[in-house]
Amino acid sequence: MSPAGKALGFFLEANDWFCNAGLPSDITIVVDRVKFHLHKFPLSSRCGKIEKLIEETQNIDQGSRTITLENIPGGPNTFLVIAKFCYGIRVEFTPRNVVIIYCAADYLEMFDNYGDDNLFVRAENYFHKHVLKNWKDCMVALQSCENVMSQADDLQIVNKCLNAIAMMACTDPSLFGWPMMMYGRLQSPNGSILWNGINTGARIRSLESEWWFEDISYLSVPLFERLVKTMEARGLRPEKLTGAIMYYTRKHLHGLGRWQGGQNIKIKSIASFSMKPAIVDQRVLLETIVKLLPDKKGKSFCRFLLGLLRVALILGVNDNCQDSLERNIGMQLEYATLDGLLIPTYSDSDTLYNSDCVERIINHFLTSEEKVTVLSPRSIVSEVSPSSVPLRKVSKLVDNYMAEVASDVNLKPEKIKSLAEILPDSARSLNDGLYRALDVYFKAHPWLPENDKEQLCNIINYQKLSIEACAHASQNNHLPLRVVLQVLFFEQLQLRSALANVADDENAHTGPLSIMPSGGTGTAGNIVQRDGWVTIVRENHVMRVNMERLRARVVELEEEFNRMREEMKRVSRTQSSIESSWFLSRTFGKCKLLLDSSNVEEDVVASTGPATPRGSIDRPRPSHHSKQR
């Protein structure tokens, strides 16, 4: 009869495992309803836990004992590997099973005091010498910790993997000997590519900084969260962390790519072919990602946040998550686009778009702008405040948003009014966008009472309307009559003011030359230079000058006509009444032609030249009757 330590192998019958050691089994180990018919000596000589359990049951049952092992890491499959090790069969470690065997050996107390070179020490050595020094093995081992998370945390396995991965992500990957160079040893000493031993002069392109994004995207949400925090503590650059978070979110959060303008670009992976895709809960993922988001601004990041907000409204995340997203978007609202703000209503509301959410975002933006204004140094004196540029961008964005949502027939006047009044009056250099939004709203709501229309129109500052807007408003049938009169009144004020400034400017140019101040605050700086007003005023001035010239020309023609009439009276005294009548009719006909508009225009053109006032008119020749006289 051969000793139990010389067992050749194990075999399975039904749901029971047996060892063909040639000896009858004297102990039965039950692991998750799977029975292992083994022997006491090889197990007790290696496993401290089993030895203690055997001693506890020795006085109870003298025959074959049955011991149940509950919550053993890895279950029956892992215990089979441990049993083989106890019987002297070689155990092969891999990055996928080393963590589970490591935890199971700790659970069974397989330390060196129960035999030299025991299983716990072997698993520990393999883990430190092989797994932690290789990116792919470390990623696979970290993912295998999912099933034994509590035991792996107690043994610091998870933290060691996270620190190793964070350290390698912050370092050049070529230092770790990974097979990532497509040219291998075909390189010259200076790093250029060799072809048949000839130096081509071409350089090997450096690896992308995002090479590890795809690999960490296979981790579960809790592990990914811990890895990001570890990388942040290690000093990884924020832009890389943001890129990794965005890549992970776009891969696992369904529906996000619909608002991101395309799918993730596939990044070459190192370890993903050995890893299993993570099963991610959508709501937990979104709430976790929002906590990890850094304080960053930019167009792509703002668009990403707006996409997250849409998905958050669909999933119904908690209030803290939604408020955090709205606050982050509000802090960089100047980078948002109109299509990003057009968030549909996913609740039972009658309106098409979620205007309440947009209004909260604008309030967060105004709060952040107030903080920037308070923290800005007072010593800086400038016509444009540091926060005016983002405020102007946001005002245009809000005006365009109101123009889009105004066509919704269910949008209440109170909501459009609150959106229009949420920004200060100084945010808009022109009120054309605000007028356009109200015009669209009035056209979509023809049943709106005149009183409500007037209340909405009171928001507009008519002094900030351009020429085109004033011209359109003066002929807009959807506006109340009182509003149209106000537009015409302020239009006249603008014309008068601009006309006065132009006249002052011309007087300044005709006077003696003067040196302009270095700050550019002379007479020309007082001219109204907004939205074409100066052009219109100058055209009016030219028209006025032309009218004066026409008036002077008409006076000249009247004087000429009076002289001709006196001459005709003198001639008529010597002629008969019939001839005199015929002559006067022809003469008055010619004079009437002289007053024709076309001749007047030609005279106006001629008057601008050096010719004399009467250069274009010939004296009438004396008739043949005068010669006979």
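Student: Is Glu326 buried or exposed?
Tutor: This is a predicted model, in which local features need pLDDT of at least 70 and side-chain atom pairs count only at pLDDT 80 or more, while totals for chains, interfaces and linings use all residues. Residues are numbered from 1 along each chain as its sequence is written, and side-chain values use heavy atoms, without hydrogens and water. Buried means under 20% relative accessible area, exposed over 50%, and partly exposed in between (1.4 Å probe, protein chains only). The relative accessible area of Glu326 is 2%, so this residue is buried.

Student: Which residue forms a salt bridge with Glu326?
Tutor: A salt bridge requires a side-chain nitrogen of Lys or Arg within 4 Å of a carboxyl oxygen of Asp or Glu. For Glu326 the closest N and O atoms of the pair are 3.0 Å apart, and the partner is Arg360.

Student: How many residues apart are Glu326 and Arg360?
Tutor: Their salt bridge, at 3.0 Å between the closest N and O atoms, links distant parts of the chain. Helices (H or I, at least four residues) and strands (E, at least two) are DSSP runs numbered from the N terminus. Glu326 sits in helix H14 and Arg360 in helix H16 (residues 355–375), and the separation is 34 residues.

Student: How many residues apart in helix H14 are Arg327 and Asp323?
Tutor: These two residues form a salt bridge with the closest N and O atoms 2.3 Å apart. Arg327 is partly exposed at 36% relative accessibility, and Asp323 is partly exposed at 28%. Helix H14 covers residues 319–330, and the pair is separated by about one helical turn because the spacing along the helix is 4 residues.

Student: Which residues does Gln322 touch, not counting those up to four places away in sequence?
Tutor: Gln322 lies in helix H14 and is buried, at 17% relative accessibility. With contact taken as heavy atoms within 4.5 Å, Gln322 touches Leu309, Leu313, Val317 and Arg360.

Student: How many salt bridges does a search of the whole structure find?
Tutor: Among them are Glu225 with Lys229 and Arg327 with Asp323. The search of the whole structure gives 16.

Student: Which residues make the nonpolar surface patch of about 300 Å²?
Tutor: Patches consist of residues with over 30% relative accessible area and no salt bridge, like charges being joined within 9 Å and nonpolar side chains (Val, Leu, Ile, Met, Phe, Trp, Tyr) within 5 Å. Accessible areas come from the Shrake-Rupley method with a 1.4 Å probe, and for residues only the protein chains shown count as cover. Leu488, in helix H22 (residues 481–510), is partly exposed at 35%. The patch is made by Leu481, Leu485 and Leu488.

Student: What value is phi of Asp117 near?
Tutor: Asp117 is found in the loop between H4 and H5 and is partly exposed, with a relative accessible area of 40%. Its phi is positive in a residue other than glycine, near 55°.
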